Amino acid sequence: MDKPMKTEPKSCLFAKPSREYSDEEVNQEVPQNFGGKLPVQRQIRQTEPPWQLPRSPPPSLPNAKASEEFNWQANMSNVRERNAVMFNNPLMADIFFNVGNPQHSCQKIPAHKYILGTGSSVFFAMFYGGLSDKQLEIDIPDVEPAAFLNLLRYLYCDETKVEPDNVLATLYAAKKYLVPHLARACVRYLETSLSAHNACVLLSQGRLFEEQELMHRCWEVIDAQAEEALKSDGFCEIDISTLKTVLGRETLNAKELSVFNATCRWADSECRRCEIEPTSENKRKVLGDALFLIRIPTMKLNEYANGPAQSGIMTLQESNDIFIYYSARKRPELNFPLKPRKGLKPYRCHRFQSSAYRSNQWRYRGRCDSIQFAVDQRIFIAGFGLYGSSSGAAEYTVRMELKKNGTTLGQCFTKFFSDGSSNTFSVMFDNPIQIEPDQFYNASAVLDGGELSYFGQEGLAEVQCDKVTFQFQCSSDSTNGTGVQGGQIPEIIFYC
């Protein structure tokens, strides 16, 4: 490593404190004894990702109306434009599809066998194979009209127009007619909109369509944000097979009582789907052996007594056996798993190479310490590691926030106890917060308590933590001196 060179202290203070402080009171971002050299920072784009950027609309393709003009062919400069004119156009059509449920929204859609046959092996076999059907109309009741038009639009024009209300139906059509490029476009669209609120539904669809990459992305979200995913409306919409997969998940980062409550909600919805009364007996019936995937014996006794024991879903014998399991030396055999879930391993990104105190005192005084960061892949922020008092044990009140472009994504108001050591103390958000790659986020903390605190120095602008690369830069929200080279918020705790 190169020998550190002496550098002048550099301030990252962009906002003035609410009152003037003396030189002894205001913290400096780079402590006096720091002489380190910052590594070169990788360029991070500060713009929104491509799917969120306002784009000028591409040149519109001609449509079927263009064929009404005389010699319309002469106005088309390429094959794509000529095919676009024939899309959803009865002119020269040699096949018609009755798409959709006849009792609801059936639509008659014209097409051309040659174009369909060159874009899909299923259509080729249908029209030109040894068992080809010569009929002029084909019924397709299991595909939505909008999704089928999306499929044809891609085959005719190489154009995709997937939207939230038709992306799953379009994915189904692309899978049915073996059009993998359109299917991948649908999966990419789903991944960009993936959150704890829809992850369970998309997992169910990923299993149905055998989309391994989509399933992997869904599991990342469900594992890290399990509490939110289990409370989502989408959890109640999954099939029984997906439910069992979720309940058996070893890395589910949730309390077992939350798992039980979510399962009861799913059973209630399943009863209504089956058009039966959602009684305790019927809930148990629709759950079947899925109930035995919940690790009820790992709950605290009071959680069990006030929850599952009074739910009515368990039999009297099962309920009594679990009570005995909690208290007796000779425990009965149970059909429920006995070991707690492992959950996810939290990672800690430590951005300072050393910490200091006393000779270069750092004061909190309720001012804001803040730092900006970006990562190179999706992660989930669980909390921050913070420094405590440098003058003995002390209790702190802390307000933490995580923002993106001024919008608060998560916040936490809590207390933590500092034992007077230079260790960092973990302060966690109520639920992990999803962070997208290559975008800057603002981590802030305001502490009240013992004024004199440890602080970090010899900060790094880039830190590699396991498989995730963090980039740090100064924040204009920092009114207490924290920046890249020194200060507070030494650790970011995350799942990946």
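Contact is defined here as heavy atoms within 4.5 Å, and helices (H or I, at least four residues) and strands (E, at least two) are DSSP runs, numbered from the N terminus. The model is predicted, with local features needing pLDDT of at least 70, side-chain atom pairs counting only at pLDDT 80 or more, and totals for chains, interfaces and linings using all residues. Residues are numbered from 1 along each chain as its sequence is written, and side-chain values use heavy atoms, with hydrogens and water left out.

In helix 12 (residues 280-287), Lys283, Arg284, Val286 and Leu287 are buried (under 20% relative accessible area; exposed, over 50%; partly exposed, in between; 1.4 Å probe, protein chains only). These residues fall within an arc of 165 degrees when seen down the axis, so they line one face of helix 12; the arc is that of the directions from the helix axis to the C-beta atoms. Their cover includes helix 10 (240-247), helix 11 (256-273) and helix 14 (316-327). The face turned away from the buried side carries the exposed residues Glu281 and Lys285.

The buried residues of helix 10 are Thr242, Leu243, Val246 and Leu247. They cover an arc of only 135 degrees around the axis, which puts them on the same side of helix 10. Among the elements covering them are helix 7 (199-209), helix 8 (212-224) and helix 12.

Glutamine 488 lies in the loop between strand 16 (468-474) and strand 17 (491-495). At 1% relative accessibility, glutamine 488 counts as buried.
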